[in-house]
Amino acid sequence: MTDAARPTVADAMALPELHVSDHTTIDRALAVLRGARTDHVLIRDDEGHCAGIVTRDQLTAHSAQPWYTEATRVRDIPHDCSPFARPDMPLSEAEATMRERSLAVWPVVDDDGVALGVLTLGPNPRTAA
């Protein structure tokens, strides 16, 4: 931890486990999530920058819509987009922002927009006793 009195997002973030291209279909993204047994996946654009994050619940809800087809891509559905958390952002500020935006998980990106990790609300496994 950089400063015990003022933890940052970098102190609490977890490494990003999964990424999919924004061209990935909803069905494929759901298969990835099921296979990895996780609830969210980061979305990257053609340049490798973080384009957002989508949850299993969001994908499942959209796959049940009447306009849905097997060709529907993750970029075509509403998902959390920037601004994203920064590693040097105070953790308290990031948590407040997440609550305001009703986010359970938030991408953390570097100056170039590449995902460094994810921040989740709740107990931090690094700091939990």
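1. A salt bridge here is a side-chain nitrogen of Lys or Arg within 4 Å of a carboxyl oxygen of Asp or Glu. By that criterion, arginine 75 pairs with aspartate 76, with 3.9 Å between the closest N and O atoms. Arginine 75 is partly exposed at 39% relative accessible area, and aspartate 76 is also partly exposed, at 46%. For these labels, buried means under 20% relative accessible area, exposed over 50%, and partly exposed in between (1.4 Å probe, protein chains only).

2. A word on the basis of this note: the model is predicted, so local features need pLDDT of at least 70 and side-chain atom pairs count only at pLDDT 80 or more, while totals for chains, interfaces and linings use all residues. Residues are numbered from 1 along each chain as its sequence is written, and side-chain values use heavy atoms, with hydrogens and water left out.

3. Searching the whole structure gives four salt bridges. One of them joins aspartate 39 to arginine 56, with the closest N and O atoms 3.6 Å apart. Because aspartate 39 sits in the loop between α2 (26-36) and β2 (40-44) and arginine 56 in helix α3 (residues 56-63), this pair ties together parts 17 residues apart in sequence. Helices (H or I, at least four residues) and strands (E, at least two) are DSSP runs, numbered from the N terminus. Arginine 56 is partly exposed, at 23% relative accessibility.

4. Do have a look at arginine 86 and aspartate 111 too, whose side chains form a salt bridge at 2.1 Å, N to O. Arginine 86 belongs to the loop between α3 and α4 and aspartate 111 to the loop between β4 and β5, so the pair links parts 25 residues apart in sequence. Arginine 86 is partly exposed at 28% relative accessibility, whereas aspartate 111 is exposed at 70%.

5. Which residues does leucine 119 touch? Leaving aside residues up to four places away in sequence, its partners include Val9, Ala12, Met13, Leu91, Met98 and Trp106, where contact means heavy atoms within 4.5 Å.
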